[in-house]
Amino acid sequence: MVKPLKVGLKAGAGPLPGYLWDVGYLSVARDEAMSFLNDEQYAHAVDLVRALASEADPSHPSTVTVEAVEDFLELKDKGGVLGKINLRIYFTINSKEKVIIIIAADQEGGGRANTVMGEDPCAEQASEVPCRGVRASCMMTVELWNMSEE
């Protein structure tokens with residue numbers, strides 16, 4: 001069975017006035033980020049997601065850089081603690097439930113985007129439930145997220 005979303009942040013938590021959005025992530029996205037980021041860089045990536053969760057509209061934030069990539073959104077950052085890494089964090093939004101869903105991470109921007117858009121990034125999670133790319137995975141995990149909230 002597909003593993004449900006991991007809970008990253010809950011709306012209302014964090015520094016005042018609190019996060020406006022819940023954040024969930026696929027374990028494969030965390031694994032990807034950890035494969036090329038050190039602890040300090042990963043903490044920076046988490047801070048970027050926290051900033052995103054604090055925005056009224058995470059698809060058009062004022063504190064971080066986000067661009068649309070087909071049906072997904074791409075959080076972008078480079079330099080500073082990241083050094084030469086061009087960090088890309090791919091996510092989607094469930095506006096009705098106010099959930100940001102982190103689906104993938106990439107250090108170059110482009111290589112992972114191709115996988116996100118078509119291939120099966122959740123092969124390890126798809127052994128029992130077929131998954132046709134992240135779109136299908138997101139649909140399943142959003143449903144699981146919603147069921148866990150009932």
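Visitor: Hey, what should I know before I start?
Guide: This is a predicted model, so local features need pLDDT of at least 70 and side-chain atom pairs count only at pLDDT 80 or more, while totals for chains, interfaces and linings use all residues. Residues are numbered from 1 along each chain as its sequence is written, and side-chain values use heavy atoms, with hydrogens and water left out.

Visitor: Okay, how many helices and strands are in the protein?
Guide: You'll find four helices and six strands. Helices (H or I, at least four residues) and strands (E, at least two) are DSSP runs, numbered from the N terminus.

Visitor: And what pattern do they follow along the sequence?
Guide: It reads β-β-α-α-β-β-β-β-α-α.

Visitor: How much of the protein is buried?
Guide: Buried residues make up 45% of the 150 residues. Buried means under 20% relative accessible area, exposed means over 50%, and partly exposed is in between (1.4 Å probe, protein chains only).

Visitor: Which sense does β6 pair in with β2?
Guide: Parallel, over four bridges. Two strands pair if DSSP finds at least two bridges between them. Tyr25 stands opposite Ile102 in β6.

Visitor: And with β5, parallel or antiparallel?
Guide: Antiparallel, over seven bridges. There, Asn94 stands opposite Val99 in β6.

Visitor: What sits between β5 and β6?
Guide: The two strands form a hairpin with four residues between them, and Lys98 in the turn has a positive phi of about 55 degrees.

Visitor: Where does Lys98 lie relative to Trp21?
Guide: Lys98 lies over the face of the Trp21 ring, at 4.7 Å from the ring centre. A charge sits over a ring if NZ of Lys or CZ of Arg is within 6 Å of the ring centre and within 35 degrees of the ring normal.

Visitor: New topic: how many salt bridges are there?
Guide: The count comes to four. A salt bridge here is a side-chain nitrogen of Lys or Arg within 4 Å of a carboxyl oxygen of Asp or Glu. Side chains of opposite charge can pair when their charged atoms come close.

Visitor: Which residue does Lys10 pair with?
Guide: Lys10 forms a salt bridge with Asp22, and their closest N and O atoms are 3.9 Å apart. Lys10 lies in the loop between β1 (6-9) and β2 (22-25) and Asp22 in strand β2, so the pair ties together parts that are 12 residues apart in sequence.

Visitor: What does Glu74 pair with?
Guide: Arg88, with the closest N and O atoms 3.6 Å apart. Glu74 lies in strand β4 (residues 72-78) and Arg88 in strand β5 (residues 86-94), so the pair ties together parts that are 14 residues apart in sequence. Glu74 is buried at 9%, and Arg88 is buried at 13%.

Visitor: Where do Arg50 and Asp47 lie?
Guide: Both lie in helix α2 (residues 39-53), three residues apart, about one turn of the helix. Arg50 forms a salt bridge with Asp47, the closest N and O atoms being 3.2 Å apart. Arg50 is partly exposed at 35% relative accessibility, and Asp47 is partly exposed at 42%.
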